[in-house]
Amino acid sequence: MLVHGLNYAMEPVGVGKYTAEMAEGLATRGFDVRVVTARPYYPWWRAAPKSAGWAWREERAGVRV
């Protein structure tokens, strides 16, 4: 399953938080979940230091981001 959206985890509130919870919930139920998203920036209004650079990849709770 592919989740495509602007906001995702590392953002502590709002759409990013809920999208991450949905994707992780699906992963725990056996779905192969991948996420394509922008670098986290909210609520700081700049890219989070951990995601610096053009692209980054990580796995969070069984979800490939």
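1. Partly exposed here means a relative accessible area between the limits for buried, under 20%, and exposed, over 50%. Val13, at 41%, is therefore partly exposed. The model is a predicted one.

2. Val13 sits in the loop between strand 1 (2-5) and helix 1 (15-28). Together with Tyr42 and Trp45, Val13 makes up a nonpolar patch on the surface. The accessible area of these three residues together is about 330 Å².

3. On charged pairs, the structure has four salt bridges. Side chains of opposite charge can pair when their charged atoms come close.

4. Asp32 takes part in a salt bridge with Arg64, at 2.9 Å from N to O. This pair links distant parts of the chain, 32 residues apart: Asp32 lies in the loop between helix 1 and strand 2 (34-37), and Arg64 lies in strand 4 (residues 63-64).

5. Asp32 also forms a salt bridge with Arg34, where the closest N and O atoms are 3.8 Å apart.

6. Another salt bridge joins Arg60 and Glu58, with the closest N and O atoms 3.9 Å apart. Is Glu58 in this pair buried or exposed? Glu58 is buried, because its relative accessible area of 17% falls under 20%. Arg60, at 25% relative accessibility, counts as partly exposed.

Definitions and conventions. Residues numbered from 1 in each chain as written. Predicted model: local features only at pLDDT ≥ 70, side-chain atom pairs only at ≥ 80, totals over all residues. Heavy atoms only, no water. Patch = residues over 30% accessible without salt bridge, like charges linked within 9 Å, V, L, I, M, F, W, Y side chains within 5 Å. Areas by Shrake-Rupley, 256 points an atom, 1.4 Å probe, with all protein chains shown as cover. Salt bridge = Lys/Arg side-chain N within 4 Å of Asp/Glu carboxyl O. Helix = DSSP H or I, 4+ residues; strand = E, 2+ residues; numbered from the N terminus. Buried < 20%, exposed > 50% of the residue type's maximum accessible area, 1.4 Å probe, protein only.
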